[in-house]
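Please look over the sequence and the model shown here. The text below then goes through parts of it in turn.

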Amino acid sequence: MQPRITILTLGVDDLDTAVRFYRDGLGLPTQGIIGTEFEHGAVAFFELAGGLQLALWPRTSIAADIGLEVSPPSATDMTIAHNVNSREEVDAVMAQAAVAGARIVKPATDTFYGGYAGYFGDPDGHVWEVAWNPAITVEG
């Protein structure tokens with residue numbers, strides 16, 4: 001297996017609400033919802049840096065595709081990190097997320113590694129970390 005991830009799929013309860021949050025609130029580019037002509041096919045893809053795509057797919061569709069029962073979400077199962085190049089960028093992204101309807105899980109604060117980070121939750125409870133790490137330079 002090659003060390004790469006091409007699509008990160010988040011299970012959502014309301015696809016329209018999730019698309020509005022990521023597209024209209026956070027400004028991520030998307031073609032919108034596609035695949036509505038197929039049972040369990042409605043999905044939205046967002047282009048991210050480096051060729052990575054973020055997919056939003058209803059939890060019920062994921063469960064049907066895998067053959068598992070829908071399970072309760074847990075905010076501590078996984079976080080998604082969005083690194084930026086300054087403390088000011090952390091504050092700006094956190095503010096944008098709040099305006100978009102995110103729940104601020106942990107306001108940005110100094111970190112143990114000498115950086116600055118905060119956490120927000122999307123409408124489905126997926127937790128995003130917005131971080132500035134002085135040891136990491138982010139391009140783009």
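What follows covers a sheet, a helix on it and some aromatic rings.

This is a predicted model, where local features need pLDDT of at least 70 and side-chain atom pairs count only at pLDDT 80 or more, while totals for chains, interfaces and linings use all residues. Residues are numbered from 1 along each chain as its sequence is written, and side-chain values use heavy atoms, leaving out hydrogens and water.

Four strands make an open sheet in the order S1-S4-S3-S2, with mixed pairing. Strands (E, at least two residues) and helices (H or I, at least four) are DSSP runs numbered from the N terminus, and two strands pair if DSSP finds at least two bridges between them. Strand S1 (7-12) and strand S2 (30-34) are at the edges with a single partner strand each, so one side of each has no neighbour in the sheet. S3 (residues 43-47) and S4 (residues 53-58) pair in the antiparallel sense over four bridges. Helix H1 (residues 15-25) packs on this sheet and touches S1, S2, S3 and S4, contact meaning heavy atoms within 4.5 Å.

Six aromatic pairs are counted; rings of Phe, Tyr and Trp (its six-membered ring) pair if their centres lie within 6.5 Å, with planes under 30 degrees apart stacked, over 60 edge-to-face and the rest tilted. Phe21 and Phe120 form a tilted pair, 6.4 Å centre to centre with 55° between the planes. Phe21 lies in helix H1 and Phe120 in strand S7 (residues 116-121), so this pair ties together parts 99 residues apart in sequence. Phe21, Tyr22, Phe46, Phe120 and Trp128 form one aromatic cluster.

Note on methods: Axes are lines fitted to C-alpha atoms, for helices over the stretch in contact, and angles run from 0 to 180 degrees between N-to-C directions.
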